[in-house]
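Good morning, everyone, and thank you for making the time. I would like to walk you through one model, from its overall make-up to a few individual residues.

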Amino acid sequence: MRLLIILIFLLKTTYAFSTEKVVFLDIQFIIDNSKLGMFYKNKLLNINDENKTKLISQQKKIKSEENEINKQKNILKKEEIDNKIKKLNQLLNKYQKDLKENNKKLSEEKKKYTKIILEKLNPIVSKFVQDNNILIVLDKKNILVGSKTLDITEDILKKLNKFTIDKDLLNEN
């Protein structure tokens, strides 16, 4: 009988109540929708548009050369056609190289801007965690199900936007 009472007592008292909280944060949402994130996204779009303009110009030149070869292939000697095809292949290779280089630069710029945003975000999240007695912050993409009350994304987004305006970060770049 004593063993039964001790066992029931131990089973009833194993629940622990904690005042620390576990919350989650959608980091990608903040990167995409913060004032700073949208500023950098516009910079990336401008870079991409400039690259596209240059590449479209190269495409037109390639198409023009190709049409010229097709029009003259019955008139010109084989040697002349071969030279024109060689020139066209050089244009194509340059286009492919430029396209690859532009994509690489765009990717590097995106990584750079994401790093800048995360560097600004980290102290804000750290202070929020400390001020609100939070035990751990998880990335939302790793959460299967969670209460909306545990999502601190909007609070952090507001703080980052305020920080961005206060520090005039949109004009320094």
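Let me begin with how the elements are assigned: helices (H or I, at least four residues) and strands (E, at least two) are DSSP runs, numbered from the N terminus. What you see is a predicted model, so local features need pLDDT of at least 70 and side-chain atom pairs count only at pLDDT 80 or more, while totals for chains, interfaces and linings use all residues. Residues are numbered from 1 along each chain as its sequence is written, and side-chain values use heavy atoms, with hydrogens and water left out.

On that basis the protein has five helices and two strands, which follow one another along the sequence in the pattern α-β-α-α-α-β-α. Its accessible surface, computed by the Shrake-Rupley method with a 1.4 Å probe, where for residues only the protein chains shown count as cover, comes to about 13500 Å², and 56% of that belongs to carbon and sulfur atoms. If we call a residue buried under 20% relative accessible area, exposed over 50%, and partly exposed in between (1.4 Å probe, protein chains only), then 24% of the 173 residues are buried. Taking a contact to mean heavy atoms within 4.5 Å, we find that, among contacts between residues at least 6 apart in sequence, 84% join residues at least 24 apart.

Let me turn to the interior. A nonpolar core here is a set of buried Ala, Val, Leu, Ile, Met, Phe, Trp, Tyr and Cys residues joined through side-chain atoms within 4.5 Å. The largest such core holds 21 residues, of which Ile30 and Ile156 touch the most other members. At least two residues come from each of β1 (21-25), α2, α3, α4 and α5 (153-166), and α4 gives the largest share, with eight. Beyond four places in sequence, Ile30 touches Leu25, Leu121, Thr153, Ile156, Leu157 and Leu160. A second, separate core has six residues, including Leu55, Ile62, Ile69 and Leu88.

Leaving aside neighbours within four places in sequence, Tyr113 is in contact with Tyr40, Lys43 and Leu44; the C-alpha atoms of Tyr113 and Tyr40 are separated by 6.4 Å, although the two residues are 73 apart along the chain. Asp98, also placed in α4, is buried too, at a relative accessible area of 17%, and, with residues up to four places away not counted, it touches Leu55 and Gln58.

The largest pocket has a volume of about 240 Å³. Of its 13 lining residues, the closest to the centre are Ile31, Asp32, Lys41, Leu44 and Lys110. A pocket, on a 1 Å grid over the protein atoms alone, is an open set of points where a 1.4 Å probe fits, with protein on both sides within 12 Å along at least five of seven lines, and lining residues have an atom within 4 Å of a point; grid points are joined across faces, edges and corners, and the volume is the space filled by probe spheres set on the points.
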